[in-house]
Amino acid sequence: PGGGDVRVINYPTGNPGVIFGYLLKSPFGGDGWIVSVDNMEDVIGGHIWIGTIEILGGLWHIFTKPFAWARRAFVWSGEAYLSYSIAAVSVMAFVAAVMVWFNNTVYPSEFFGPTGPEASQAQAFTFLVRDQRLGANIASAQ
C-alpha cells in the first residue's frame, strides 16, 4: 500500500534556470521557495549544482586572500570561526526542517510519516470520526 516505483535518476536537471529558479521564488504564499521542488530530477540536479559551487568556493578560499573589507568586518579567531560556522549550520537546519515539514517529494509520507499539511488533514479527520462516535450529529454541524 502506498509508495511508487523505485527508479534510477539517469538525467538530473542541469539547467541553472530551473535549479536556481527555486531560490528566486517567494517563500510566502503559494510559490513555495525551494520547498516547491516536485521531482527527483530537480533535487539531484540541485545537489550537483550545490556540490560544484561548494568545491569551487573551497578552492577559491584556499588560493585567495580575503578582501580588505572582509578583513576589517570580521573577527579572525577560533571562537569567531566556530560561531560563524554554527550560524551557517543553524540556517541550514531551519531550511531542512521546512523541507521535512512541507515537501513530500524528498521526504515521502510512506517512509517518514505525514507532512505538516497531511497531518493536519488527518487530525481533522480523526476528530471528525471521534465526534461521530461520541454521538455528535456531524451533518448538522456548521
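1. Is Phe-20 buried, partly exposed or exposed? With a relative accessible area of 25%, Phe-20 is partly exposed (buried is under 20%, exposed over 50%, partly exposed in between, with a 1.4 Å probe and protein chains only). Please keep in mind that this is a predicted model, where local features need pLDDT of at least 70, side-chain atom pairs count only at pLDDT 80 or more, and totals for chains, interfaces and linings use all residues. Residues are numbered from 1 along each chain as its sequence is written, and side-chain values use heavy atoms, leaving out hydrogens and water.

2. Next, the aromatic rings. The whole structure holds four aromatic pairs (rings of Phe, Tyr and Trp, the last by its six-membered ring, with centres within 6.5 Å; planes under 30 degrees apart are stacked, over 60 edge-to-face, the rest tilted). One of them joins Phe-20 and Trp-49 edge-to-face, at 5.3 Å centre to centre and 75° between the planes. Phe-20 sits in helix α1 and Trp-49 in helix α2, so this pair ties together parts 29 residues apart in sequence (helices are DSSP runs of H or I, at least four residues, and strands runs of E, at least two, numbered from the N terminus). Trp-49 is partly exposed too, at 28%.

3. Trp-76 and Tyr-81 also form an edge-to-face pair, 6.1 Å centre to centre with 75° between the planes. Trp-76 has a relative accessible area of 44%, and Tyr-81 has 45%.

4. Have a look at Trp-33, in the loop between α1 and α2. Its phi is positive, about 50°, although Trp-33 is not a glycine. Most residues other than glycine have a negative phi. Trp-33 counts as partly exposed, at 25% relative accessibility.
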